[in-house]
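Reader: I have this model open next to its sequence and would like to go through it with you. Could we begin with the charged pairs and then move on to the sheet?

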Amino acid sequence: MKWYFTNVNVRNISIIRNHASCRREFSRPSFAPKPTLNLKHIRQNPGLYEQNCKDRNYTPFARNGWKILELHERLIHQQRESIDLRKRSNALGKALSRRPDSGTEDEETSNGRIAEARDIKAQLAEIESKEKQWTEEIEQLALELPNLSCLNTPVGKNPKLLETVGQLPGIAAGTPGKSHVEIGKELGILDFEASATTSGWGWYFLQNEGALLEQALVQYTLSVAMKRGWKIMTPPSLVYSHIASACGFMPRDQNGETQIYHIAQADSDSGPEKSSLVLTGTAEIPFAGSQANKILQASDLPLKYIGASRCYRAEAGARGVDTKGLYRVHEFTKVEMFAWTLPQPDNNGDRFGDFDTDALPADHVFSEMIEIQKEILQSLGLHANVLEMPSADLGASANRKVDIEAFFPSRTTINDGYGEVTSASICTDYQSRRLATRIKGTSAGKLEWPHTVNGTALAVPRVLACLLETHWDEQSRSVIVPEVLRRYLPDGMDVIKRKT
């Protein structure tokens, strides 16, 4: 099935709906990165890719590896046939050029050779057309395949608990805590009614201390990463659709939840050399795209960036308690981490998903990201579970994924109160191959593909909601501001109290 577009109440914006198929429906202009996929590994391991698709809930693409192998065999057969035809064509050309003037060769023989040469030319043109068609189909089939999963990834739908962070807040047994929606309304720091009028459900206004807390959370998060040597970069919120696709953000989220806002363009802006634009759901996309068609120096790696940006997600699902308030919104501020690292040492390009991740340079950055995430949540006084996510929950680009789910006192009837607030993923060379990002100066002595790692440092709305609920004091009807945020707030803003 193809993607289709439906209008929303935002001018010049439409939504790319998710479907089982990820067939590319946008044109890839000449300036777009040309993907270089490891077709040899796919052809040699079609069964591995089939099982990987089934494990990751990509069943519609499970046979892609076998189709690639079949098309490749057709190509080989056609190329052999093409070689024979070209040999015969050359022989005919030589015979015709050596034709004696004395007329010893009769006209019928000469005309026959000319006709045969014309026929061979037509056959070669048809073969070239088929080869081009099959080559493009092979590439598309390969692009649809998700990354191979890491051995650490549990197969199935159930995550593995790695550790817990922070203390569980004390609430009465069986009694949900007060919702951040109620807290925010009472303290005058959240307004959902005004946003419903201006934008619809899933949007919000942060007011007064709520707006100040957003800025404080961003500044504090950046400071934590900066102490570890991370560079700051502010990315754009609009990217070309071919960049989003190359990063693995095709119009299909793992649970059918995420949709992409697509920016409508005027007819004068369309054409073969134009690519459609989308609003980014995460800064991972522009960060990854910033090094497209570039060659990095091995001595500069790992290259680590962190930055705050506005993110846009047209989340699916009906309104309800599980999506109430700030938990699931269409636009939000998020601080994202992204890094390029050296590939696996002595990587010969033929091993995927079957190596010890502890040996990967990417794994060291991945661990650092998770440590940053834990430090931030713990210093904010929040309780959370660190989870190794299962194969069915991995997006297209991820080789391994760890989520951190914080405890929301008001959501005890939903997943025991836990909800995702951060995520980190190793993407191996999935993105760099699709974005034409290379490395030179490695011990291999040749250009290689860097591995990419990404992680949420802080998603403001969910962390703000969790913070309000966790630090709400019913007796004083106020929220105690975590100490680490106070330096980024006006003097004396240690407690957020009800307006009198």
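Author: Arg310 counts as partly exposed, at 30% relative accessibility, and since this is a predicted model, that value is computed from predicted coordinates.

Reader: Which side chain does Arg310 meet in a salt bridge?

Author: Arg310 meets the side chain of Glu331, with 3.3 Å from N to O. The two residues link distant parts of the chain, because Glu331 belongs to strand E12 (residues 331-341) and Arg310 to strand E11 (residues 303-312), 21 residues apart. Glu331 is buried, with a relative accessible area of 18%, where the cut-off for buried is under 20%.

Reader: And Glu388, what does its side chain pair with?

Author: Glu388 forms a salt bridge with Arg400, at 2.9 Å from N to O. This pair also links distant parts of the chain, with Glu388 in strand E13 (residues 384-388) and Arg400 in strand E14 (residues 400-407), twelve residues apart.

Reader: What about Lys401, which residue does its side chain meet?

Author: The side chain of Lys401 meets that of Asp403 in a salt bridge of 3.0 Å, N to O. Lys401 is buried at 11% relative accessible area, and Asp403 counts as buried at 2%.

Reader: How many salt bridges are there by this rule, and which residues are linked in a network?

Author: The count comes to 23 salt bridges, and a network of them links Lys178, Glu186, Glu474 and Arg477.

Reader: Now the sheet, please: how many strands form it, and in what order?

Author: Eight strands form an open sheet with mixed pairing, and the order is E3-E13-E14-E15-E17-E12-E11-E6. Strand E3 (160-165) and strand E6 (231-232) stand at the edges with a single partner strand each, so one side of each has no neighbour in the sheet.

Reader: Which helix packs on the sheet and touches E6?

Author: That is helix H7 (residues 209-226), which touches E6, E11, E12 and E17, and its direction makes about 165 degrees with that of E11. The end C-alpha atoms of H7 are 25 Å apart, which agrees with the 26 Å that its 18 residues should span at 1.5 Å a residue. H7 is mostly covered, with 13 of its 18 residues buried.

Reader: In what sense do E12 and E17 pair, parallel or antiparallel?

Author: E12 and E17 pair in the antiparallel sense, over eight bridges, and the bridge partner of Glu336 in E17 is Thr456.

Reader: How many residues of E17 are buried?

Author: Nine of the nine residues of E17 are buried, so this strand is largely enclosed by the rest of the structure.

Reader: Changing topic, where does UniProt place the feature "binding site"?

Author: The UniProt record, an unreviewed entry, places "binding site" at Thr282, Arg313, Glu336 and Asn454. Of these, Arg313 lies in the loop between E11 and E12 and counts as partly exposed, at 23% relative accessibility.

Reader: Last one, on helix H10: how many residues does it have, and which of them are buried?

Author: Helix H10 (residues 361-379) has 19 residues and reaches 28 Å from its first C-alpha to its last, close to the 27 Å expected at 1.5 Å a residue. Its buried residues include Ala362, Asp363, Val365, Phe366, Glu368 and Met369, and also Ile370, Ile372, Gln373, Lys374, Ile376 and Leu377. Just after H10, Gly381 takes a positive phi of about 75 degrees.

Terms used: Residues are numbered from 1 along each chain as its sequence is written. This is a predicted model: local features need pLDDT of at least 70, side-chain atom pairs count only at pLDDT 80 or more; totals for chains, interfaces and linings use all residues. Side-chain values use heavy atoms; hydrogens and water are left out. Helices (H or I, at least four residues) and strands (E, at least two) are DSSP runs, numbered from the N terminus. The expected span of a helix is 1.5 Å times one less than its number of residues. Buried means under 20% relative accessible area, exposed over 50%, partly exposed in between (1.4 Å probe, protein chains only). A salt bridge is a side-chain nitrogen of Lys or Arg within 4 Å of a carboxyl oxygen of Asp or Glu. Two strands pair if DSSP finds at least two bridges between them. Contact means heavy atoms within 4.5 Å. Axes are lines fitted to C-alpha atoms, for helices over the stretch in contact, and angles run from 0 to 180 degrees between N-to-C directions. UniProt positions are given in the numbering used here, feature names are shortened, and annotations may be inferred rather than shown by experiment.
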